[in-house]
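Biologist: I have the sequence and the model open. Can you walk me through the packing?
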Amino acid sequence: MSKQEGHNSDDDEDLDLYEDDYLSVQSIRDSHSDVEESVVVTWKRGRRINTEMVNTTVPPIPREGEDIPIVIDPGEIRISTVLEPENIAPLFSGAEWAGTRVWHAAIRATEYLYDTYGDVFNSQCDTNNFGKKSLVELGCGLGVPGMIASKFMGASPVVLTDQSSITSQLIRNVHSNFPENCEAHQISVLPLDWSRKAVRSLLKETGREKVGFDFVLNCDCVFEPLYGKSWILLIEVIDEFLLINPKCIVLTSMERRNSDGIDLFLEKLRQIGDVDLVHEDIE
């Protein structure tokens with residue numbers, strides 16, 4: 001079993017404007033009211049395609065010692081943050097509000113996933129007999145990491161999950177970013193309460209009750225002042241996914257804040273399997 005954690009010690013603000021070598025995040029606001037309408041995430045690393053596998057492309061013959069040419073197909077994900085009236089009231093419970101922002105922990109998880117497993121996802125395009133790698137994201141909020149993994153890394157299928165009260169917006173954003181056909185991209189949105197029974201129901205609904213998922217991702221899902229001790233349920237959910245597929249990789253990305261409860265969460269998490277620190281931002 002493997003659970004991998006990444007810490008981010010940046011400030012506690014959500015990302016109105018952010019840019020690094022991997023991506024940029026920009027908040028789009030109404031020019032009159034200054035109310036945010038959407039968030040645009042531009043993935044700079046693009047969709048990596050081995051040009052030898054593309055029939056319509058005749059790549060140049062590499063010189064001795066050179067790598068096979070790779071096509072970089074950059075793109076963006078545009079996510080509406082405008083809520084429907086029926087979704088505004090639940091927003092004030094706090095936890096739902098957090099699910100409408102792009103947080104640093106989600107950015108770091110996406111970048112780590114690309115750096116460490118990008119070749120694994122991309123290998124399904126070559127002849128190395130790798131099967132497609134599946135991914136489920138827990139408490140996904142806007143679903144940015146899962147969408148990028150599906151659209152630009154080749155993860156398939158990808159299942160984005162969160163509380164049922166905020167999935168309607170998530171469904172609209174998935175359909176707008178995968179307009180051809182969500183089934184073609186093998187990405188879906190499902191509500192998931194954190195319980196073993198709910199995990200088994202999700203696996204049955206997705207046809208994965210015997211194989212589980214290759215990757216289980218959760219970003220910024222542990223913060224006791226906002227979520228209480230729901231991390232206890234998160235551990236049960238993670239454990240249930242591992243029972244179905246002990247080889248799956250669980251990537252947990254968290255931002256440290258005062259009284260966040262993360263230390264106790266990690267202590268309990270280590271009781272169900274190996275936990276390795278794979279990345280930490282140092283100020």
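Modeller: One term to start: buried means under 20% relative accessible area, exposed means over 50%, and partly exposed is in between (1.4 Å probe, protein chains only). This is a predicted model: local features need pLDDT of at least 70, side-chain atom pairs count only at pLDDT 80 or more, and totals for chains, interfaces and linings use all residues. Residues are numbered from 1 along each chain as its sequence is written, and side-chain values use heavy atoms, with hydrogens and water left out.

Biologist: Is Val-158 buried or exposed?

Modeller: Val-158 is buried, because its relative accessible area is 0%. Val-158 lies in strand S7 (residues 158-162). Strands are DSSP runs of E, at least two residues; helices are runs of H or I, at least four; both are numbered from the N terminus.

Biologist: What does Val-158 touch?

Modeller: Leaving out residues up to four places away in sequence, Val-158 touches Leu-135, Gly-146, Ser-150, Gln-186, Ile-187 and Ser-188. Contact means heavy atoms within 4.5 Å. Val-158 and Ile-187 are 29 residues apart in sequence, yet their C-alpha atoms are 4.7 Å apart.

Biologist: Zooming out, how much of the chain is buried?

Modeller: Buried residues make up 51% of the 283 residues. The chain has 10 helices and 11 strands.

Biologist: New topic. At what angle do H9 and H10 pack?

Modeller: About 30°, with the axes of H9 (residues 231-244) and H10 (residues 262-269) 10 Å apart. That makes H9 roughly parallel to H10. The cut-offs: under 35 degrees is roughly parallel, over 145 roughly antiparallel, 65 to 115 roughly perpendicular, and the rest oblique. Axes are lines fitted to C-alpha atoms, for helices over the stretch in contact, and angles run from 0 to 180 degrees between N-to-C directions.

Biologist: Which residues make that contact?

Modeller: Trp-231, Leu-234, Ile-235 and Ile-238 of H9, with Leu-264, Phe-265, Lys-268 and Leu-269 of H10. By class, the H9 contact with H10 has 7 nonpolar, no polar and 1 charged residues. Ala, Val, Leu, Ile, Met, Phe, Trp, Tyr, Cys and Pro count as nonpolar, Asp, Glu, Lys and Arg as charged, and the others, Gly among them, as polar.

Biologist: And how far apart are the axes of H7 and H9?

Modeller: 9 Å, at an angle of about 45°. H7 and H9 are therefore oblique to each other.

Biologist: What classes of residue are in that contact?

Modeller: The contact of H7 with H9 has 7 nonpolar, no polar and 5 charged residues. Among them are Arg-196 and Arg-200 in H7, and Glu-236 and Asp-239 in H9.
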